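Here is a short briefing on one protein model. Look over the sequence and the structure first, then read the points by topic.

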Amino acid sequence: MTKLYLDVDGVLLTAKNTRMAPGAIPFIEKVLSKFDCYWLTTNCRDGNAGRVLARLSNYYPDDMIRKMQRVKPTEWKDLKTDAIDFSTKFFWVDDYVFEAEKRVLRLNNCLDRLIMVNLSNVHELQDIYSTYLSSEDR
């Protein structure tokens, strides 16, 4: 199963953390049904998903928090790419990536697996799913 690495700020929450991102619930439900999902966020860099779920619980209904408990935690220190398993097929959904992280992706010939999010597009998560993630051959 393809892995999907998910950021939180600017992806599932608006950049100013004022609310749930538009279209986030259907997006999460779709990706949870199709991908092996992992948190790739500063909220969960120590292998403990509790902090990210507690934070998301301020914005998401309880039933979604229960579903998001299936997203696995990651561990990384300096670069998010430290947590990516490059031996498997994956996508990484994030709103901001360091140049050093892009370099690591390039070195591993998988920069095309990075999906950048711009929530100023109100249909961004729906468009990302339709354009990049819905295809069966991914």
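Lysine 102 and glutamate 99 sit three residues apart, about one turn of the helix, and both belong to helix H4 (residues 99-107). Helices (H or I, at least four residues) and strands (E, at least two) are DSSP runs, numbered from the N terminus. The model is predicted: local features need pLDDT of at least 70, side-chain atom pairs count only at pLDDT 80 or more, and totals for chains, interfaces and linings use all residues. Residues are numbered from 1 along each chain as its sequence is written, and side-chain values use heavy atoms, with hydrogens and water left out.

**Salt bridges**

- Side chains of opposite charge can pair when their charged atoms come close.
- A salt bridge is a side-chain nitrogen of Lys or Arg within 4 Å of a carboxyl oxygen of Asp or Glu.
- The structure holds eight of these bridges.
- One of them joins the side chains of lysine 102 and glutamate 99 (3.5 Å, N to O).
- Buried means under 20% relative accessible area, exposed over 50%, and partly exposed in between (1.4 Å probe, protein chains only).
- Lysine 102 is partly exposed, at 23%, and glutamate 99 is partly exposed too, at 48%.
- Aspartate 46 and arginine 51 form another salt bridge through their side chains (3.0 Å, N to O).
- Aspartate 46 has 41% relative accessibility, so it counts as partly exposed.
- Arginine 51 has a relative accessible area of 43% and is also partly exposed.
- A further salt bridge links the side chains of lysine 3 and aspartate 85 (3.2 Å, N to O).
- Lysine 3 is in strand S1 and aspartate 85 is in the loop between H3 and S3, so this pair ties together parts that are 82 residues apart in sequence.
- Lysine 3 is buried, at 12% relative accessibility, whereas aspartate 85 is partly exposed, at 25%.

**Aspartate 7**

- Aspartate 7 is in the loop between strand S1 (3-6) and H1.
- Is aspartate 7 buried or exposed? It counts as buried because its relative accessibility is 4%.
- A polar contact is a pair of N or O atoms within 3.5 Å; within protein, one must be able to donate a hydrogen and the other to accept it, and residues adjacent in sequence count only if both atoms are side-chain atoms.
- The side chain of aspartate 7 makes such a contact with the side chain of lysine 80 (3.2 Å).
- Contact in general means heavy atoms within 4.5 Å.
- Not counting residues up to four places away in sequence, aspartate 7 touches Leu12, Leu40, Thr41, Lys80, Val93, Asp94 and Asp95.

**Strand S1 and its partners**

- Two strands pair if DSSP finds at least two bridges between them.
- S1 and S2 run parallel, joined by four bridges.
- Leucine 6 stands opposite tryptophan 39 in S2.
- S1 also pairs with S3 in the parallel sense, over four bridges.
- Leucine 4 has phenylalanine 91 as its bridge partner in S3.
- S1 is covered on both faces: Lys3 and Tyr5 on one side, and Leu4 and Leu6 on the other, are all buried.

**The nonpolar core**

- A nonpolar core is a set of buried Ala, Val, Leu, Ile, Met, Phe, Trp, Tyr and Cys residues joined through side-chain atoms within 4.5 Å.
- The largest one has 34 residues, and Phe27, Trp39, Tyr60 and Leu133 touch the most other members.
- Elements giving two or more residues to this core include S1, H1, strand S2 (36-39) and helix H5 (124-133).
- Which element gives the most to this core? H1 does, with five residues.
- Apart from this core lies another, of 12 residues, among them Leu40, Phe90, Trp92 and Leu105.

**Helix H1 and helix H5**

- The buried residues of H1 include Phe27, Val31 and Lys34.
- S1, S2, H3 and H5 are among the elements that cover the buried residues of H1.
- Lysine 34 is in helix H1 (residues 24-34), and its side chain reaches the backbone oxygen of serine 134 at 2.6 Å.
- Tyrosine 129 is in helix H5 and is buried, at 12%.
- Leaving out residues up to four places away in sequence, tyrosine 129 touches Phe27, Lys30, Val31, Lys34 and Ser134.
- Tyrosine 129 and lysine 30 are 99 residues apart in sequence, but 8.2 Å apart in space, C-alpha to C-alpha.
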